[in-house]
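Hello,

Here is the structure I promised to pass on. My notes on the ligand site follow below it.

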Amino acid sequence: MLTLGIETSCDETSVSVTEGRNVLSNIVSSSVHLHKKYGGVVPEIASRFHVEYILEVLDKALKSSGKRLKDIELIAVTNGPGLVGALLTGVSLAKSLSLSLRVPMIGVNHLLSHLYSAFLSDGELPDFPFIGLVVSGGHTALFYCRDSYKQKLLSQTQDDAVGEAFDKVAKILGLGYPGGPVVERMAKLSKDRERVKLPKTFLGVNSLDFSFSGIKTAVLYYVRASKNKDDEAADICHSFQETVIDELVDKTMRAAEMHKVKNIVVGGGVAANTRLREKFTDAARFSGGVKVYFPERRYCMDNAAMVGVLGEELYKRGQRSDLYLSAEPNLEVVNA
Ligand code: KG4
Ligand code: ZN
């Protein structure tokens with residue numbers, strides 16, 4: 001089934017053509033360069049960028065897939081959660097295409113689509129049930145995924161998302177935006193790995209919830225008190241990265257144990273982080289049979305192919321959206 005995917009939940013304008021797991025095209029145009037000077041995504045700027053570029057991106061996605069609009073059999077679009085003005089562009093395009101081409105349309109949850117980006121690679125597919133960890137700029141959440149259309153939210157961050165914490169630490173250290181890749185690069189340069197001690201979060205013995213605002217503030221106070229922050233930046237990045245990754249890995253492994261699940265899928269922009277992958281792989285090795293699946297790095301950040309692959313799966317399971325589909329900034333995952 002040829003599916004046109006559309007993703008505009010944040011600062012990436014993306015359109016794809018997919019056929020099951022097969023990605024025929026996946027064009028991503030980012031407005032990240034426009035947000036750099038503000039140190040974070042400015043919703044109004046992101047929304048305008050989508051309006052300006054979405055048709056060009058659609059055109060490129062069709063051309064590079066070698067398909068035409070008349071070949072498309074399904075339209076899958078992110079309808080939340082995300083920035084409402086940004087989501088509206090994608091949802092409006094999906095509706096007009098669905099109406100004019102007379103093809104079905106399906107709204108897809110952005111967080112779940114991040115998990116399904118792991119299904120785009122050629123490698124081994126994760127088996128259900130699995131524990132899904134979404135780690136992005138806007139979200140940090142754990143899900144129990146029984147099936148492609150049945151999942152339950154287990155826990156989430158009580159304050160900042162982990163990607164946001166990477167971005168803020170980079171901002172405090174004057175390293176630029178987005179923070180994830182640059183903090184990861186700096187951490188590798190650390191010469192004194194024991195120098196900076198940062199607090200771990202404690203939210204209760206059995207809590208699977210996350211919290212990242214405390215460590216961000218601890219970094220801020222450390223930097224304010226530091227005599228030479230440039231000299232210490234690499235050690236600070238190392239300590240920050242280790243602490244937040246330990247929290248992610250520990251709680252995800254604990255969720256797998258509590259729910260007696262042997263598979264874990266990690267998705268979202270932060271899933272591109274090499275240290276996160278290493279630590280998960282190590283934890284899995286010592287766990288007695290748990291397997292951890294990651295998307296290919298090119299599918300970690302926001303993209304339309306992950307929307308297409310999940311949308312097609314849901315459509316085959318009988319789900320549909322109609323023209324009343326709305327852009328939902330706080331769209332929740334329905335527990336099942
Ligand atoms: O999934 P995504 O593209 O957007 C949202 O849905 O939010 O994730 C973007 C986030 C940013 O916060 C960025 O700093 C972070 O992913 N990120 C990383 C890395 N690459 C991107 N964080 C840690 N390490 C990385 N290598
Ligand atoms: Zn995302």
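The shell around ligand 1 divides into five nonpolar, 11 polar and three charged residues. Here Ala, Val, Leu, Ile, Met, Phe, Trp, Tyr, Cys and Pro count as nonpolar, Asp, Glu, Lys and Arg as charged, and the others, Gly among them, as polar.

This is a predicted model: local features need pLDDT of at least 70, side-chain atom pairs count only at pLDDT 80 or more, and totals for chains, interfaces and linings use all residues. Residues are numbered from 1 along each chain as written, chains are lettered from A and ligands numbered from 1 in the order written, and side-chain values use heavy atoms, without hydrogens and water.

There are 19 residues around ligand 1 (a heavy atom within 4 Å). Gly137, Asp167, Gly180, Glu184 and Gly269 come nearest.

Helices 4 (110-116), 5 (162-172) and 6 (179-188) each supply at least two shell residues. Helix 6 gives the most, with four. Helices are DSSP runs (H or I, at least four residues), numbered from the N terminus.

Domain 1 (2-115 + 299-316) and domain 2 (124-294) both give residues to the shell, so ligand 1 lies between them. The domain bounds come from an automatic or database assignment.

Now the polar contacts (N or O pairs within 3.5 Å). A ligand 1 oxygen is 2.8 Å from a polar backbone atom of Gly137. For a backbone N or O atom of Asp302, the distance to a ligand oxygen is 3.1 Å. A side-chain N or O atom of His110 is 3.3 Å from a ligand oxygen. Taken alone, ligand 1 exposes 560 Å², and the protein buries 93% of that (Shrake-Rupley method, 1.4 Å probe).

Best wishes

Conventions: A polar contact is a pair of N or O atoms within 3.5 Å; within protein, one must be able to donate a hydrogen and the other to accept it, and residues adjacent in sequence count only if both atoms are side-chain atoms.
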